[in-house]
Amino acid sequence: MRIDLPEPTSAEREHSATLQGFIRNEIAAKGPLPFSRFMELAMYAPGLGYYSAGKTKFGAAGDFITAPELGSVFARCVTRAIAPTLRDIGAHSQMIELGGGSGAFAEDCLRELAHLDALPARYSLLEPSADLRQRQRERLQQLPAEIAERVHWIDRPPDDDWQGVLFANEVLDALPATRFGIRDGEVFEEHVIDAGGEGFVSIDLPAESFTANAVRHIERDLGHGLADGYRSEVLPQLPYWIQAVCGGLQRGMALFVDYGYTRREFYREDRHGGTLMATYRHRAHTDVLSRVGLQDLTAFVDFSALAEAATRAGFRIAGLGTQADFLMANGLDVVFAQAYAAAGDEAVRYRLSQEVKRLTLPAEMGETFKVMACER
Ligand SMILES: C[S@@+](CC[C@H](N)C(=O)[O-])C[C@H]1O[C@@H](n2cnc3c(N)ncnc32)[C@H](O)[C@@H]1O
């Protein structure tokens, strides 16, 4: 399907050309790049990648909108779900938010935690993008001092054991995905090469055992092999990543929200092209090797893989459900009624009802987005 995408500005083209040069140099030095490495560079190459550079990513002027960017309803309901855990842990509780985006979630969550008398001793943001960190800092320093003083930025998960809540909205979908294909029963991995004037193109190379084993594990769990020509994504690094980010969480909850499916649904026969997507100015398309550094790249999450990784890291899966069900089970009606009563005029009330529709309707975020809670 052809999608007409808006043309990048000349400044954007120039920026993308610099990043493409950077990636070309790596290909020249190392040979074909696994797609996951291409994605990593396109998104996070220092100062150049989509998330590392200064491009407006969120909201109407950006490329996509996330639940916390729609308004405060999402963050307030999530906060109601996690507040009891933080309160139980008490004075030394901590909260870590991975990939805080514009800081919208942190702001609304901290205000609600203060309102519910459940503020953690520290609220840490682990944000790899220097640009987003700066935006978060500017936003969160506007909070009342007794809240703002609890906010910190960390470069990596804490080395020491800690207790509290780890939260990540739309972070797993941004992890560099490995693209694989099946040919004559063998597993191939998609690599990216430089085709000169034609930009980057992908080729298949026999998969290394790390990737092949991850695909074989999926097939074993499905109870059948994936068909010849089948192409999809996998995150072979997920168990290590989960161990790294949650390993120190000795007591509390890790809550992940993202679009995705359980494994049987993810690797359905008819989903033979995978779930990888590029988003450019609110248009989703599959030309993931174009507009390098100017568009978001994401893949859906295999929640069965997440459950396996979390279990291996010592967690119990406390729940997996749709975002709509999660929000309704965590005070959506109360939050909506309070916000509705506080709304100054009809325009605010209209925006509020639109926000709730976007968050909950099946054709919007309500069903595609899932919430997984892991406890220890
Ligand atoms: C789609 S945005 C979501 C932002 C925010 N959570 C929201 O819902 O608006 C993805 C975020 O994840 C961050 N991110 C990507 N990889 C990460 C990682 N390995 N650890 C922590 N954050 C990461 C990005 O920099 C960005 O802030």
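Tutor: Before we look at strands, note that two strands pair if DSSP finds at least two bridges between them, and that strands (E, at least two residues) and helices (H or I, at least four) are DSSP runs numbered from the N terminus. This is a predicted model, in which local features need pLDDT of at least 70 and side-chain atom pairs count only at pLDDT 80 or more, while totals for chains, interfaces and linings use all residues. Residues are numbered from 1 along each chain as its sequence is written.

Student: OK, how many bridges join strand E5 to E10, and do they run parallel or antiparallel?

Tutor: E5 (residues 162-169) and E10 are joined by 8 bridges and run parallel; Trp-162 has Leu-249 in E10 as its bridge partner.

Student: And which way do E10 and E16 run, parallel or antiparallel?

Tutor: E10 and E16 run antiparallel, with 7 bridges between them, and Phe-256 stands opposite Met-372 in E16. E14 runs parallel to E10, joined by 2 bridges, and there Tyr-261 stands opposite Asp-302.

Student: Switching to helix H11, which residues are buried?

Tutor: In H11 (residues 303-312), Phe-303, Ser-304, Ala-305, Leu-306, Ala-309 and Ala-310 are buried, meaning that 20 or more other C-beta atoms, placed from the backbone, lie within 10 Å of their own.

Student: What follows H11?

Tutor: Gly-314 follows, and its phi is positive, near 100°.

Notes. Buried ≥ 20, exposed ≤ 12 C-beta atoms within 10 Å, placed from the backbone.
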